[in-house]
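I opened the notebook to record what I looked up in this model. The entries go from the overall fold to single residues.

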Amino acid sequence: MSSCLQVCCSATLLLLHATPARAWWSTFAGDPQHTGVSVVAAQPLEVIHWSTPVDLMPPSGDILIHYGSPLVTPANTVIVPVKTGATGGFEVQGFNGGDGSLKWTLATDYVLPPHPWTPSYSPALTASNRLYFPGAGGTVYYVDTPDANGTSITGQVAFYNIANYTHSGFDSTVFINTPLTTDSAGDVYFGAAASVGAS
């Protein structure tokens, strides 16, 4: 199954490898409607130009995981969400789309919601090339320079106002549970769930 993941991810990267500077893949399945349709024709799939793992600790047996979609900036930086632990843990990596060299890695404190299968961890790009990716407690991190080598996190926001965010209060009770999606105005959308303990 892991080789299938590599081939599938590689096929996606091949599709995006030859994209012109104005073409990009900004969100899960390519657009806000999640059509998975590219405006750029794919290269022949006879050769893998480069590949990268999307799961550093894949489970044995059945893999009940929906892996996040790679993104591609207009400057051909390929952004890949990566599962780092056996039961969770994520980071986002940026690669040079031409040769597959690693440009940066950004850790996230995102916590998975309660689930019978691992949901998708999917960042998104805005039309102005700002990268958003989920954090803990329903927060979202953003990066304004996703094409820069060694880039870092620019800031963190929350749909309930970041000033109200407390690690102890929200990290284990508020969860982003859908892929992120952006619109032409740069707004970011996602689903969130809250769990309330017994009183």
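My entries follow, topic by topic.

**Ground rules.** I am working on a predicted model, where local features need pLDDT of at least 70, side-chain atom pairs count only at pLDDT 80 or more, and totals for chains, interfaces and linings use all residues. Residues are numbered from 1 along each chain as its sequence is written, and side-chain values use heavy atoms, with hydrogens and water left out.

**Fold.** I began with secondary structure. I took helices (H or I, at least four residues) and strands (E, at least two) as DSSP runs, numbered from the N terminus. The chain has 2 helices and 12 strands. From the N terminus, I read the order as α-β-β-β-β-β-β-β-β-α-β-β-β-β.

Next I checked burial. Buried means under 20% relative accessible area, exposed over 50%, and partly exposed in between (1.4 Å probe, protein chains only). Of the chain's 199 residues, 45% count as buried. For contacts I used heavy atoms within 4.5 Å. Among contacts between residues at least 6 apart in sequence, 54% join residues at least 24 apart.

**Cores.** In soluble globular proteins, nonpolar side chains tend to be buried together. I defined a nonpolar core as a set of buried Ala, Val, Leu, Ile, Met, Phe, Trp, Tyr and Cys residues joined through side-chain atoms within 4.5 Å. The largest one has 20 residues, and Ile-79, Val-92, Leu-131 and Phe-133 have the most contacts inside it. Strands β3 (90–96), β4 (102–108), β5 (124–125), β6 (131–134) and β7 (139–143) each supply at least two residues of this core. The largest share, 4 residues, comes from β7.

I then listed the partners of Leu-131, not counting residues up to four places away in sequence. Leu-131 touches Leu-71, Ile-79, Val-92, Trp-104, Pro-123, Ala-124, Leu-125, Tyr-141, Tyr-142, Val-143 and Pro-146. Apart from this core lies another, of 10 residues, including Trp-50, Val-72, Val-82 and Phe-95.

**Val-80.** I looked this residue up in strand β2. Val-80 has 0% relative accessibility, so it counts as buried. Leaving out residues up to four places away in sequence, Val-80 touches Thr-52, Val-54, Pro-70, Glu-91, Val-92, Gln-93 and Phe-95.

**Cavities.** How many cavities of 30 Å³ or more does a search of the whole structure find? I got 2. The rule runs on a 1 Å grid over the protein atoms alone: a cavity is a set of points where a 1.4 Å probe fits but cannot get out, and lining residues have an atom within 4 Å of a point. Points are joined across faces, edges and corners, and a volume is the space filled by probe spheres set on the points.

The largest cavity has a volume of about 60 Å³. Its lining is Val-54, Ile-65, His-66, Tyr-67, Gly-68, Pro-81, Val-82, Lys-83, Phe-90, Pro-119 and Tyr-121. Strand β2 (residues 77–83) gives the largest share, 3 residues. I sorted the lining by class and got 8 nonpolar, 2 polar and 1 charged residues. Here Ala, Val, Leu, Ile, Met, Phe, Trp, Tyr, Cys and Pro count as nonpolar, Asp, Glu, Lys and Arg as charged, and the others, Gly among them, as polar.

**Aromatic pairs.** Rings of Phe, Tyr and Trp (its six-membered ring) pair if their centres lie within 6.5 Å; planes under 30 degrees apart count as stacked, over 60 as edge-to-face and the rest as tilted. I count 9 aromatic pairs. The rings of Phe-90 and Tyr-121 are stacked, because their centres are 4.6 Å apart and their planes at 15 degrees. Phe-90 sits in strand β3 and Tyr-121 in the loop between β4 and β5, 31 residues apart. Both are buried.

Tyr-132 and Tyr-142 form a tilted pair, at 6.0 Å centre to centre and 55 degrees between the planes. This pair links strand β6 to strand β7, 10 residues apart. Tyr-132 is buried at 8% relative accessible area, and Tyr-142 is buried at 16%. I also noted one aromatic cluster, formed by Phe-159, Tyr-160, Phe-170 and Phe-190.

**Positive phi.** Asn-76 has a positive phi of about 70 degrees although it is not a glycine. I place Asn-76 in the loop between β1 (71–72) and β2.

Terms used
1 Å grid on protein atoms, 1.4 Å probe; cavity = no way out; pocket = protein on both sides within 12 Å on 5 of 7 lines; lining within 4 Å.
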